[in-house]
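Walk me through this structure, please. I would like the strands and how they pair, then a few side chains.

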Amino acid sequence: MFTYETTDQKEARRFRIAQFNGRSATIRSADATVTGRVRSIVESKTSVRATWVITIVPEERPSIVPTARPALRMPIAAEDYV
């Protein structure tokens with residue numbers, strides 16, 4: 001899990017909406033970019049400014065595996081078309 005703290009009210013609201021709708025959210029920090037589901041948003045009123053602590057469960061990207069194409073269906077013998 002990834003924990004992020006912000007004082008931006010608009011950003012906290014965006015994550016709260018993503019959590020409510022079950023969508024993925026992306027946090028871009030100075031050293032990392034994390035995309036995942038928002039697990040919780042907790043408002044901390046201990047400081048002068050309101051801060052929100054956002055917890056995200058990162059999504060694992062599925063590996064891209066090429067799928068095999070189905071074989072062409074060709075007649076066994078030329079007599080099938082006569």
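This is a predicted model: local features need pLDDT of at least 70, side-chain atom pairs count only at pLDDT 80 or more; totals for chains, interfaces and linings use all residues.

Residues are numbered from 1 along each chain as its sequence is written, and side-chain values use heavy atoms, with hydrogens and water left out.

Start with strand β2, residues 24-28, and strand β3, residues 33-44. Strands are DSSP runs of E, at least two residues long, numbered from the N terminus. β2 and β3 pair in the antiparallel sense over five bridges; pairing requires that DSSP finds at least two bridges between two strands. Arg28 stands opposite Thr33 in β3. The hairpin from β2 to β3 runs through four residues.

Now follow β3 onward. Strand β4, residues 51-58, runs antiparallel to β3, and eight bridges join them. Val42 has Val53 in β4 as its bridge partner. Here the hairpin has six residues between β3 and β4.

Turn to the rings. The charged end of Arg14 sits over the ring of Phe15, 4.4 Å from its centre. That term requires NZ of Lys or CZ of Arg within 6 Å of the ring centre and within 35 degrees of the ring normal.

Finish at Val57, which lies in strand β4. Val57 is partly exposed, at 34% relative accessible area (buried is under 20%, exposed over 50%, partly exposed in between, with a 1.4 Å probe and protein chains only). Beyond its neighbours within four places in sequence, Val57 contacts Met1, Gly36, Arg37 and Arg39 (heavy atoms within 4.5 Å). Val57 and Arg39 are 18 residues apart in sequence, yet 6.5 Å apart in space, C-alpha to C-alpha.
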